Amino acid sequence: MDHFKLKNDTVVLPNDLRKVVGAVADKYFARTKKGFVVTSGLRTPASQAAAMYAKLAKGDTLAIYKDQRSAGEVGDAFRAGRASGLLREAIIASLVKVIRRQVTEGRFLSLHLTGRAADVRSVDMTPGEQDAFKQAVIQVVGTPPIFEDKPPHFHFQMKRAPA
């Protein structure tokens, strides 16, 4: 029995990521007797662009991204679109072009683009449950999840395929 559910049918978890999410969910369930909701897994350039648009439109920065060169290119495209008065869809299309070019160049702004990252809803977790989730992620992947607040969720990554 899975101790997690997907937010909707657009959330895609490749097999290796599903195993990691399942292992985290099992450890989390053992501590809390609750499951959690996965809000994002594998992303296409289009779904990555939409996620980044939402983050930027809410006033967030892209400071969490390790590859600041790639993040800066996406941010520049967002700001240029806004300055030109483009609508949401046109700005996202512009971001998709930037992300596709980056992927072609072998630059993956987010491990979501490789199917090695997942986001988990945090708003329905108590502080104790959030701590239990963090510990479960550390036990499974070796590093703590990143908390992002716009929108609020935990992001975690697998470094390699599970054994």
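1. Basis and confidence. This is a predicted model, in which local features need pLDDT of at least 70 and side-chain atom pairs count only at pLDDT 80 or more, whereas totals for chains, interfaces and linings use all residues. Residues are numbered from 1 along each chain as its sequence is written, and side-chain values use heavy atoms, with hydrogens and water left out. The average pLDDT (the predictor's confidence in each residue, from 0 to 100) is 94 for the protein, and 98% of the residues score at least 70.

2. Five strands form an open sheet in the order E1-E2-E3-E5-E4, with mixed pairing; helices (H or I, at least four residues) and strands (E, at least two) are DSSP runs numbered from the N terminus, and two strands pair if DSSP finds at least two bridges between them. Strand E1 (4-6) and strand E4 (146-149) stand at the edges with a single partner strand each, so one side of each is left without a neighbour in the sheet. From one strand to the next, the twist averages 35°, where axes are lines fitted to C-alpha atoms, for helices over the stretch in contact, and angles run from 0 to 180 degrees between N-to-C directions.

3. The parallel pair. E1 and strand E2 (residues 36-40) run parallel and are joined by three bridges. Lysine 5 has valine 37 in E2 as its bridge partner, and leucine 6 has valine 38. Four of the five residues of E2 are buried (under 20% relative accessible area, with exposed over 50% and partly exposed in between, using a 1.4 Å probe and protein chains only), so E2 is largely enclosed by the rest of the structure.

4. The antiparallel pairs. E3 and E5 run antiparallel and are joined by five bridges, with phenylalanine 154 in E5 as the bridge partner of valine 120. E4 and E5 also pair in the antiparallel sense, over four bridges; here aspartate 149 stands opposite proline 152 in E5, and a hairpin joins E4 to E5 through two residues. Five of the six residues of E5 are buried, so this strand is largely enclosed by the rest of the structure.

5. The helix on the sheet, and threonine 32. Helix H5 (residues 127-141) packs on the sheet, touching E2, strand E3 (117-121) and strand E5 (152-157), and its direction makes about 15° with that of E5. Threonine 32, in helix H1 (residues 15-32), is buried, with a relative accessible area of 18%. Leaving aside neighbours within four places in sequence, threonine 32 is in contact (heavy atoms within 4.5 Å) with Glu129 and Ala132. A polar atom of the threonine 32 side chain lies 3.1 Å from the backbone nitrogen of lysine 34.

6. Helices H3 and H4. Helix H3 (residues 68-83) has 16 residues and reaches 22 Å from its first C-alpha to its last, close to the 22 Å expected at 1.5 Å a residue; the expected span is 1.5 Å times one less than the number of residues. H4, with 17 residues, reaches 24 Å between its first and last C-alpha, close to the 24 Å expected. The buried residues of H3 include Val74, Ala77 and Phe78, and what covers the buried residues of H3 includes helix H2 (45-57) and H4. Those of H4 include Ile92, Leu95 and Ile99, and their cover includes H2 and H3.

7. Helix ends. Aspartate 67 caps the N-terminal end of H3, with a side-chain oxygen 3.3 Å from the backbone nitrogen of arginine 69. Just after H3, glycine 85 takes a positive phi of about 80°, and H4 is followed by glycine 106, whose phi is positive, near 85°.

8. Glutamine 48. Which residues does glutamine 48 touch, not counting residues up to four places away in sequence? They are Arg43, Tyr65, Ile99, Ser110, His112 and Leu113. Glutamine 48 is placed in helix H2 and counts as buried, at 0% relative accessibility. The C-alpha atoms of glutamine 48 and leucine 113 are separated by 7.3 Å, although these residues are 65 residues apart along the chain.

Methods. A polar contact is a pair of N or O atoms within 3.5 Å; within protein, one must be able to donate a hydrogen and the other to accept it, and residues adjacent in sequence count only if both atoms are side-chain atoms.
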